[in-house]
Amino acid sequence: MNVFKSKIDKGLLICLVLSIIACVLGASVMLKVGGLFNYVLAAVTLIAGAGFPLQILTSTKYILKNESLDIISGPFSWKIPIESITSVQEVQNALMSPALSFDRLEIKYGEDKVIMVSPANKKAFMQTLDEMRSTGTNEHTQPPTIDKSSKGNKKIKKKPKNA
C-alpha cells in the first residue's frame, strides 16, 4: 500500500484559510449577539463553513493498493480498480475534483469515467501505478504504456491486445 498526499496550491490554501477565518469570525459575532437561533446558526457555520474545508485540507490523499486506487477527500471517497484505469494524463484543470492543486493527473477509467488527482509527488505516483498495472497483468488485462506524444505530458494507456 502506497499513500500519496495531495499537493496543495498556495492560492487555494489561502482561500480556504480565509474562508475558515471568516466563518469563525461570523460565528463569534453570532455567539456575542446571543439567542438560541444565533447559537444554532453559529454551530452550523462552524461545522459546515470551517470544519468541512479543514477536513478536506487535512484528509485528501490517494492510496494505491494491489488492486485499487482509493481516493479520500474529506467525507468523500472513491475506489477505482487498477485494472479499469485506461489512461493517466497530466492536466492543468480547475474543474471540481478531489485535488488541492490545479496541477493534476486526469485518470480515465471504466466506461467514460474521469477523475482528477493531484499527488504531491506525481512522478512517484505514476511510477507506482505503472508498476502495479504491469505486475497485475493476466491474459485479459494488458499493462499500460506511457505516451509522451501529447506536448510533453505523460499519458498511460493500455497496450492493444494482440490478435
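This is a predicted model: local features need pLDDT of at least 70, side-chain atom pairs count only at pLDDT 80 or more; totals for chains, interfaces and linings use all residues.
## Helix H3

Helix H3 runs over residues 122–135 and holds 14 residues. From first C-alpha to last, H3 reaches 20 Å, close to the 20 Å expected at 1.5 Å a residue.

The buried residues of H3 are Lys122, Phe125, Met126, Thr128, Leu129, Met132 and Arg133. They lie on the same side of H3, because they cover an arc of only 165° around the axis. An α-helix has 3.6 residues a turn, so residues three or four places apart point the same way. Lys123 and Thr135 are exposed, on the face of H3 turned away from its buried side.

## Largest nonpolar core

The largest nonpolar core has 19 residues. Those that touch the most other members are Tyr62, Leu64, Leu69, Ile85, Ile107 and Phe125. Two or more residues each come from strands E2 (61–64), E3 (68–73), E5 (85–92), E6 (103–109) and E7 (113–117), and from H3. H3 gives the most to this core, with four residues.

## Largest pocket

The volume of the largest pocket is about 400 Å³. Its lining consists of 18 residues, and Ile56, Ser73, Met96, Ser97 and Ala99 lie nearest the centre. By class, the lining has 15 nonpolar residues, two polar and one charged.

At least two lining residues are supplied by each of helix H1 (10–33), helix H2 (36–59) and strand E4 (76–81).

Key:
Residues are numbered from 1 along each chain as its sequence is written. Side-chain values use heavy atoms; hydrogens and water are left out. The expected span of a helix is 1.5 Å times one less than its number of residues. Buried means under 20% relative accessible area, exposed over 50%, partly exposed in between (1.4 Å probe, protein chains only). The arc is that of the directions from the helix axis to the C-beta atoms. On a 1 Å grid over the protein atoms alone, a cavity is a set of points where a 1.4 Å probe fits but cannot get out, and a pocket is an open set with protein on both sides within 12 Å along at least five of seven lines; lining residues have an atom within 4 Å of a point. Grid points are joined across faces, edges and corners, and a volume is the space filled by probe spheres set on the points. Ala, Val, Leu, Ile, Met, Phe, Trp, Tyr, Cys and Pro count as nonpolar, Asp, Glu, Lys and Arg as charged, and the others, Gly among them, as polar. A nonpolar core is a set of buried Ala, Val, Leu, Ile, Met, Phe, Trp, Tyr and Cys residues joined through side-chain atoms within 4.5 Å.
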